[in-house]
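Please read the following account alongside the sequence and the model.

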Amino acid sequence: MSLFRSKMFKTKMTIFCFFLTALILMVPTSSTATDNPTYSASTDTFIYANCSQARFSPGSAYETNLKSLLSSLVNSTVLNRYNNLTVPFGSGVKPEPDVTVYGLFQCSVDLDPTSCSSCVSRAIALVGNTCPNSYSVFLQMQNCLVRYDKSSFFGVQDKTVMLKTCGQPMGFYDQDALTRVNDVIGSLGSGSEPDRTRVNGDVRGMAQCTEDLSPAQCQDCLTDAIGRLRSDCLMAQGGYVYLSKCYARFSFGGSHARQTPNSNFGPAYHGDKRCDRPGPKLVSSRGEKYDKDDDDNNIGKTLVIIIGIITLVILLVVLLAFLGKKLRKLQDDKCCR
């Protein structure tokens with residue numbers, strides 16, 4: 001009898017240890033992981049910049065007009081959170097190639113004039129180091145953007161993917177979180193306003209398009225961005241999709257006005273010689289060129305988790321079958337005695 005009890009004790013301990021190990025493996029990673037979209041205390045966080053290869057000459061008429069444009073954009077933040085300007089401007093002024101500059105700025109709807117001015121000023125201060133002498137620059141900050149070009153882009157639809165990243169995968173058991181994320185992303189697609197903020201519990205989302213677009217163009221752009229966010233980041237603990245004329249993003253916890261796409265993003269990107277490479281250059285706040293292979297990496301992480309869970313379930317079934325057989329044998333031995 002003592003031998004039977006000893007065997008039963010060992011069997012119970014084996015089952016307990018197995019379930020304890022499985023429980024530890026199933027514990028989700030923290031939402032504050034380094035490559036998760038999360039929140040920051042700064043509204044001036046640099047996100048990315050897109051710089052053209054074409055350069056203007058120092059001291060040229062274009063540079064003079066550009067300085068005038070950027071100064072006027074900062075000054076107009078006192079009264080507006082969006083404005084577009086053309087320099088030189090006037091009813092009798094005709095655009096000249098490589099001379100006329102078209103530019104705009106836009107701030108998030110939840111920024112007050114002081115914060116908007118600070119964000120735009122910060123963006124403009126980064127232009128010189130990030131994209132020196134580039135004819136065309138698109139610089140996206142946390143809660144504002146600055147863009148200028150030698151050709152007019154006002155009112156022109158453009159859904160080019162500028163930047164897209166998803167956070168750590170969510171645990172498959174967390175259906176409540178998945179429901180909240182799905183609700184927030186879905187509700188971002190409803191409405192007619194160019195700025196949208198949606199909240200469900202600890203999940204906060206934002207979508208915005210530049211105000212040079214018509215309402216129809218804005219909705220078209222946001223539909224694309226939100227669709228990409230849903231298809232690529234629905235199972236993640238946060239994500240963001242930046243298109244050329246709009247963006248959509250969501251994350252967990254904190255004040256939405258302080259949302260920043262990635263806690264692994266470092267300080268603002270400063271002068272990288274890769275600007276000299278052919279074609280437009282896109283840099284993130286880590287100074288990295290955007291690579292669509294990042295999207296494949298996110299998919300790969302999700303597949304690894306799925307395969308791991310399936311493997312764990314199979315091992316569990318095999319172990320339970322083995323233990324059940326062993327217990328039946330022990331009971332038979334007990335009866336025989």
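The model is predicted: local features require pLDDT of at least 70, side-chain atom pairs count only at pLDDT 80 or more, and totals for chains, interfaces and linings use all residues. Residues are numbered from 1 along each chain as its sequence is written, and side-chain values use heavy atoms, with hydrogens and water left out.

The chain contains six helices and 13 strands (DSSP runs numbered from the N terminus, helices being H or I of at least four residues and strands E of at least two). Of its 337 residues, 44% count as buried; buried means under 20% relative accessible area, exposed over 50%, and partly exposed in between, with a 1.4 Å probe and protein chains only. The accessible surface of the chain is about 16700 Å², and carbon and sulfur atoms account for 59% of that area (Shrake-Rupley method, 1.4 Å probe; for residues, only the protein chains shown count as cover).

In soluble globular proteins, nonpolar side chains tend to be buried together. The largest nonpolar core here has 29 residues, and those with the most contacts inside it are Val120, Leu139, Met141 and Tyr148. Such a core is a set of buried Ala, Val, Leu, Ile, Met, Phe, Trp, Tyr and Cys residues joined through side-chain atoms within 4.5 Å. Two or more residues come from each of β2 (46-51), α2 (61-76), β4 (101-107), α3 (113-130), β5 (137-141) and β6 (144-149). Of these elements, α3 gives the most, with seven residues. Apart from this core lies another, of 27 residues, among them Met170, Val184, Val203 and Leu222. Leu139 itself touches residues including Phe46, Tyr48, Ala123, Leu126, Val127 and Val146, when residues up to four places away in sequence are not counted.

The structure holds six disulfides, each a pair of cysteine sulfur atoms within 2.5 Å. With bonded cysteines counted along the chain, their pattern is 1-5, 2-3, 4-6, 7-11, 8-9, 10-12. One of them joins Cys107 to Cys116 (S to S 2.0 Å); the torsion about its S-S bond is about 80°, so this disulfide is right-handed. Cys107 and Cys116 are both buried.

What is the handedness of the disulfide of Cys166 and Cys233? The torsion about its S-S bond is about -70°, so the disulfide is left-handed. This pair links distant parts of the chain, with Cys166 in strand β7 (residues 161-166) and Cys233 in helix α5 (residues 215-233), 67 residues apart. Cys166 counts as buried at 6% relative accessibility, and Cys233 is buried at a relative accessible area of 0%.

Another disulfide joins Cys221 to Cys246 (S to S 2.2 Å). Cys221 lies in helix α5 and Cys246 in strand β11 (residues 246-252), so the pair ties together parts that are 25 residues apart in sequence. This link is left-handed, with -90° about the S-S bond, and Cys221 and Cys246 are buried.

Ile306 belongs to helix α6 (residues 293-336) and is partly exposed, with a relative accessible area of 32%.

How values were computed
Contact means heavy atoms within 4.5 Å.
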